[in-house]
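Come along while I look things up, one entry at a time.

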Amino acid sequence: MKHNNNYEIIRRTRGWDGHFKLDVYELRHHLFDGGQSAVLQREVLERGHAVAVLPYDPVRDEVVLIEQFRPGAISVHQRFPEMPLWLTEIVAGIVEDGEEMEDVAHRETKEESGCTIIGDLELISRYYVTPGCSSETVTMYYGRVDASGANGLHGLEEEGEDIRVYTVSSDECFAMLRDGQLCNATATIAIQWLMLNRDRIRREAGVSGM
């Protein structure tokens, strides 16, 4: 059902203007029965937009993963101790003003994993992260890399990044997903995509014996 962008912003105010921005909306919108909603107040985190990259080596059949501490996981870990504070992830970073998505993909792959993308990026998806409270989107790419030297510690010291880089075979990575070790949406989406596309990617890379 199409809604033709039928909504009205009555008032928008900036509730917080720090590193992140928080806007408070008063609005109403189209209802499925054809009417209009009551006036609603909603807070929206203006987080910015992100780019994520799945660094995969089709020749070695290895996925490059990163691990880092995430403060947003603290309260979750306190309630659910099995949920980690150091998350296993794929490469990702925020798009700065004036940057192109693909430029961010190349930059973040180098900064966070030490790898260089080979050839063209392939778009996997663009999706909302949590549209109930945030405007953030992620644009996700597959990037072919040479994983032979992917290891060690990476990240920018001035940004407080402490990132451990390591590789696993695609089959090991699929098992990690099934076992619940990839407990963030970006990594989950990326590895599910790889499950569906690994054979094609390897054929296109000229890997024989498949």
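**Entry 1: the whole protein.** I began with contacts: of those with a separation of 6 or more, 54% are between residues 24 or more positions apart. I noted that the model is a predicted one. I then looked up the extent, and the C-alpha trace spans about 60 × 40 × 40 Å along its principal axes. I found four helices and 11 strands in the secondary structure. Of the 210 residues, 38% count as buried. The protein exposes about 12500 Å², and carbon and sulfur atoms supply 49% of that area.

**Entry 2: a sheet of three strands.** I looked up an open sheet and read its order as β1-β2-β3, with antiparallel pairing. Strands β1 (7-17) and β3 (40-46) stand at the edges with a single partner strand each, so one side of each has no neighbour in the sheet. From one strand to the next, the twist averages 25°. I checked the pairing of β1 with β2 (residues 21-29) and found nine bridges in the antiparallel sense. For Arg11, the bridge partner in β2 is Glu26.

**Entry 3: strands β4 and β7.** I turned to β4 (residues 50-57), which is joined to β7 by four bridges and runs antiparallel to it. Val53 has Val91 of β7 as its bridge partner.

Entry 4: I found Asp57 in strand β4. Asp57 counts as buried because its relative accessible area is 4%, under the 20% cut-off. Leaving aside neighbours within four places in sequence, I listed its contacts as Glu62, Val145, Asp146, Ala147 and Ser148. Asp57 and Ser170 are 113 residues apart in sequence, yet 9.4 Å apart in space, C-alpha to C-alpha. Next I went to Asp61, in the loop between β4 and β5 (62-69). Asp61 is not a glycine, but it has a positive phi of about 55°.

**Entry 5: salt bridges.** How many salt bridges does the count come to? I got 15. In one of them, Asp23 meets Arg14 at 2.4 Å, N to O. Asp23 is buried, with a relative accessible area of 4%, while Arg14 is partly exposed at 44%. I also looked up Asp171 and Arg198, whose side chains meet at 3.0 Å, N to O. This pair links distant parts of the chain, with Asp171 in helix α3 (residues 170-178) and Arg198 in helix α4 (residues 185-204), 27 residues apart. Asp171 is partly exposed at 46%, and Arg198 is buried at 18%. Glu204 and Arg200 form a salt bridge at 3.1 Å, N to O. They are four residues apart in helix α4, so about one helical turn separates them. Salt bridges that share partners also join Arg14, Asp17, Lys21 and Asp23 into one network.

Entry 6: Ile74 belongs to helix α1 (residues 74-79), and at 34% relative accessibility it counts as partly exposed.

Key:
Residues numbered from 1 in each chain as written. Predicted model: local features only at pLDDT ≥ 70, side-chain atom pairs only at ≥ 80, totals over all residues. Heavy atoms only, no water. Pairing = 2+ DSSP bridges. Helix = DSSP H or I, 4+ residues; strand = E, 2+ residues; numbered from the N terminus. Axes fitted to C-alpha atoms, helices over the stretch in contact; angles between N-to-C directions. Buried < 20%, exposed > 50% of the residue type's maximum accessible area, 1.4 Å probe, protein only. Contact = heavy atoms within 4.5 Å. Areas by Shrake-Rupley, 256 points an atom, 1.4 Å probe, with all protein chains shown as cover. Salt bridge = Lys/Arg side-chain N within 4 Å of Asp/Glu carboxyl O.
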